Amino acid sequence: MEKPVVLLAEELSPATIDALGPDFEIRQTDGADRSQLLSAIADVDAILVRSATKVDAEAIAAAKRLKVIARAGVGLDNVDIKAATQAGVMVVNAPTSNIVSAAELTVGHILSLARNIPAANSALKNGEWKRSKYTGTELYEKKVGIIGLGRIGALIAARLQAFETQILAYDPYVTSARAAQLNVKLVSLDELLEQSDFITIHMPKTPETVGMIGNEAFDKMKDTAYVVNVARGGLIDEDALYSALKEGKIAGAAIDVFVKEPSTDLPIFGFDNVVVTPHLGASTDEAQEKAGISVAKSVRLALAGELVPDAVNVAGGVIDPEVRPGIPLIEKLGRIFTALTHTSVTQIDIEVAGEIAALDVKALELAALKGVFKDVVSEQVSYVNAPVLAEQRGINTRLITTPESEEYRNVLTIRGALSDGAQISVAGTLTGPKQIHKIVGVNGYEVEIPISEHLVVFTYDDRPGVIGDLGRLLGEAGINIAGMQVSRNEDSKQALALLTVDSSVPQEVMEQVRETVGATVARVVDLAD
């Protein structure tokens, strides 16, 4: 029997090849050489890459037998996930392979800033003995602010507590119980910026978080504060950082990631109080080894037709054909659910109603949680780590099934309880031969509208003229409304307007609409990857 072919497009450790085992034909090529790649990929079943190989739509189209793209690392900037999904190709990575390495590099940067280690080293090697110039500061009893308390943030908190620091954290999706477990004090973002002596950011890169640390944030910091970014380039506004350093608004910075990479001549490089490294977060032997072994195991599972925990675009494996179409739907519902929250979540119920409730629907629970956390944590979310992320944040989860579904063949619902006692929910279904993804309920309001890349949700006191105001304000901002549904609660006289729009709505426009119509809820949901 012919063995499946696995192509190694970059140099990987012997342990990676050992993890693949003897059941595959292993081939090698130079993935950075475009002509070699397109030729070599034509008849392979799986390809393993690092960061130098670009697996784009052209490469995917050339690979007629390709079933799996495996990135031996975390970032997926060199893989066209959309093209892979359209071609039915699974994409996997190693989402936890670098978390210890990234946490340790962050601590190293903090220590380097506190004690001026790089600058003092450079001066001494240049023949300058300047002890007084490089007087530093202790971490003992200092306040360290961690923006984003996911896996890496939690590892950093644990390590810094050995220095007897006080750890402040901002993460709206972490419960107070989880923070207490970590011996961390949850605060608002403004409090963190104002009080911290060292600030490190570990957020996902989304339209909302790009430039999150900008001019306003630097204005709130102590002039003795240091900032660190080992997470994603662009979370700290590079122009604002330069201005803050030049004007003495902060004491220094350490940066490992940049908006454009490679970067070798940025203005901030000219400051002695800036420590920079060339994206070394995952650059340890241990992280590389873990990544290779992890994706090798995923390739084995995928080619054997089993569930692949670290698949980022589709859930592989033995999932009933009736259940599988619901996976991308409920993942979208999870992202909508998160956008509707305003504080930390304490309980999540995933409800499956209808004919498929009699089948094994565990994959739907995993996909729902994957969607819930996709836009709020810095690490890659997969089917295996999503439940762990919930557990780490003190969120209880339940899968509830019922064969009863009055209006639709099947309905998938995500319900949640928030820490302030509020309840939120979003429900969806698949309709027609094309299995169109539709929202059929939001917070108890009945609607039916296809899910689009850009959604807007408003709730307000129902009265004449509100819909006209919505249309006018969005129109003035150049936002085209593709579809709209309005639903009213007869008891409270509150109404919900759910809109699909052709482009994302800026926050300043949302605030204008909120004030004009007196909206109690105003949320933008962007599902474009």
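Reader: By this rule, how many cavities of 30 Å³ or more are counted?
Author: The model is predicted, so that local features need pLDDT of at least 70 and side-chain atom pairs count only at pLDDT 80 or more, while totals for chains, interfaces and linings use all residues. Residues are numbered from 1 along each chain as its sequence is written, and side-chain values use heavy atoms, with hydrogens and water left out. A cavity is a set of points on a 1 Å grid over the protein atoms alone where a 1.4 Å probe fits but cannot get out; points are joined across faces, edges and corners, and a volume is the space filled by probe spheres set on them. With the cut-off at 30 Å³ or more, the number of cavities is two.

Reader: Which elements give two or more residues to the lining of the largest cavity?
Author: The largest cavity has a volume of about 60 Å³. Its lining residues (an atom within 4 Å of a point) are Tyr173, Phe337, Thr338, Thr341, Val345, Val372, Phe373, Val376 and Ile395. With helices (H or I, at least four residues) and strands (E, at least two) taken as DSSP runs numbered from the N terminus, the elements that give two or more of these residues are H13 and H14.

Reader: How does the lining of the second largest cavity divide by class?
Author: The second largest cavity, of about 40 Å³, is lined by Asn229, Ile236, Glu238, Leu241, Ile255, Val257, Phe258 and Ile268. Ala, Val, Leu, Ile, Met, Phe, Trp, Tyr, Cys and Pro count as nonpolar, Asp, Glu, Lys and Arg as charged, and the others, Gly among them, as polar. On that basis the lining has six nonpolar, one polar and one charged.

Reader: Which strands each supply at least two residues of the lining of the second largest pocket?
Author: A pocket is an open set of points with protein on both sides within 12 Å along at least five of seven lines. By class the lining has nine nonpolar, seven polar and six charged residues. The strands that each supply at least two are E13 (345-354), E15 (410-418), E16 (423-431), E17 (436-442) and E18 (445-450).

Reader: Is the crossing of H13 and H14 left-handed or right-handed?
Author: Axes are lines fitted to C-alpha atoms, for helices over the stretch in contact, and angles run from 0 to 180 degrees between N-to-C directions. The axes of H13 (residues 326-340) and H14 (residues 362-374) come within 7 Å and cross at roughly 35°. A crossing is left-handed if the near helix is turned anticlockwise from the far one by less than a right angle, and right-handed if clockwise. The crossing of H13 and H14 is right-handed.

Reader: Why is one side of E8 and of E12 left without a neighbour in the sheet?
Author: Two strands pair if DSSP finds at least two bridges between them. The seven strands form an open sheet with parallel pairing, in the order E8-E7-E6-E9-E10-E11-E12. Strands E8 (185-186) and E12 (274-276) are at the edges, and one side of each lacks a neighbour because each has a single partner strand.

Reader: In E11, which residue is the bridge partner of Val228?
Author: Strand E10 (residues 226-229) runs parallel to strand E11 (residues 252-255), and four bridges join them. In E11, the partner of Val228 is Ala254.

Reader: What is the average twist from one strand to the next in the sheet of five strands?
Author: That open sheet has the order E2-E1-E3-E4-E5 and parallel pairing. Its edge strands are E2 (25-28) and E5 (90-92), each with a single partner strand. From one strand to the next, the twist averages 20°.

Reader: Which two residues does a cis peptide bond join?
Author: Most residues other than glycine have a negative phi, and most peptide bonds are trans. Asn183, in the loop between helix H8 (176-181) and E8, has a positive phi of about 60°. Pro262 lies in the loop between E11 and E12. With omega at about 0°, the cis bond joins Glu261 and Pro262.
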